Amino acid sequence: MVARAPSYLKWLNSLVLIGFAWLAILIELTPLNEEAKTMLAPDLLFCVAAFLVLRRPSATPAFLIVIFGLARDLLGGGPVGLGALALVAAIECLRALGEFLSRKNVFFEFGAVTVFSLLLIVLQTLGLLITFSHTPPLDQLASRVFGTILAYLLIYVFFRWVLRVRGEFAADNRLPRKAA
């Protein structure tokens, strides 16, 4: 039987989400040169939230994801609520797959993140099309998905190997010892 962590660790893990989510939002909104302004930035908030929801689902509550999604929508000038709704949908789907993905190879995790980052872009684009708003060209959307996948790889390496963030399900993956 696995011992449960104290409740203050859950709040400390949530503080990690809060800190890195704000950092991701600020990096996305950082103005670059004029040429880079026309390109869509990778979705760093999705990358941070996806990594943490797959590793620490109890410390990644949906209300924090909604708050940060709304903050990004408000600060970024996008349609308020559309990005937050799509972000919560993708993150909650990843949360539902968390235990399954923890028992599989890391390539399954990258595949799931790729599928849900694509789903995130599709949901946002469909929302913009329904409201007859301007949608970005498909080449920019494709570069955003590709950039998000590469950003997730970098965030995975940083969190997993530099900060040593392991999953809650890691203890369940060990094989039982044979009795002598």
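Q: Why are Arg 95 and Glu 92 separated by about one helical turn?
A: Because they are three residues apart in helix α5. Helices here are DSSP runs of H or I, at least four residues, numbered from the N terminus. This is a predicted model: local features need pLDDT of at least 70, side-chain atom pairs count only at pLDDT 80 or more, and totals for chains, interfaces and linings use all residues. Residues are numbered from 1 along each chain as its sequence is written, and side-chain values use heavy atoms, with hydrogens and water left out.

Q: What makes Arg 95 and Glu 92 a salt bridge?
A: The term needs a side-chain nitrogen of Lys or Arg within 4 Å of a carboxyl oxygen of Asp or Glu. Their N to O value is 3.1 Å, so the pair qualifies.

Q: Why is Arg 95 called partly exposed?
A: Buried means under 20% relative accessible area, exposed over 50%, partly exposed in between (1.4 Å probe, protein chains only). Arg 95 has 22%, so it falls in between. Glu 92, at 29%, is partly exposed too.

Q: Why does Arg 144 count as buried?
A: Its relative accessibility is 13%, so it is under the cut-off. Asp 43 is buried at 1%. The two form a salt bridge, with the closest N and O atoms 3.7 Å apart.

Q: What does the pair of Arg 144 and Asp 43 tie together?
A: Arg 144 lies in helix α7 and Asp 43 in the loop between α2 and α3, so the pair ties together parts 101 residues apart in sequence.

Conventions. Helices (H or I, at least four residues) and strands (E, at least two) are DSSP runs, numbered from the N terminus.
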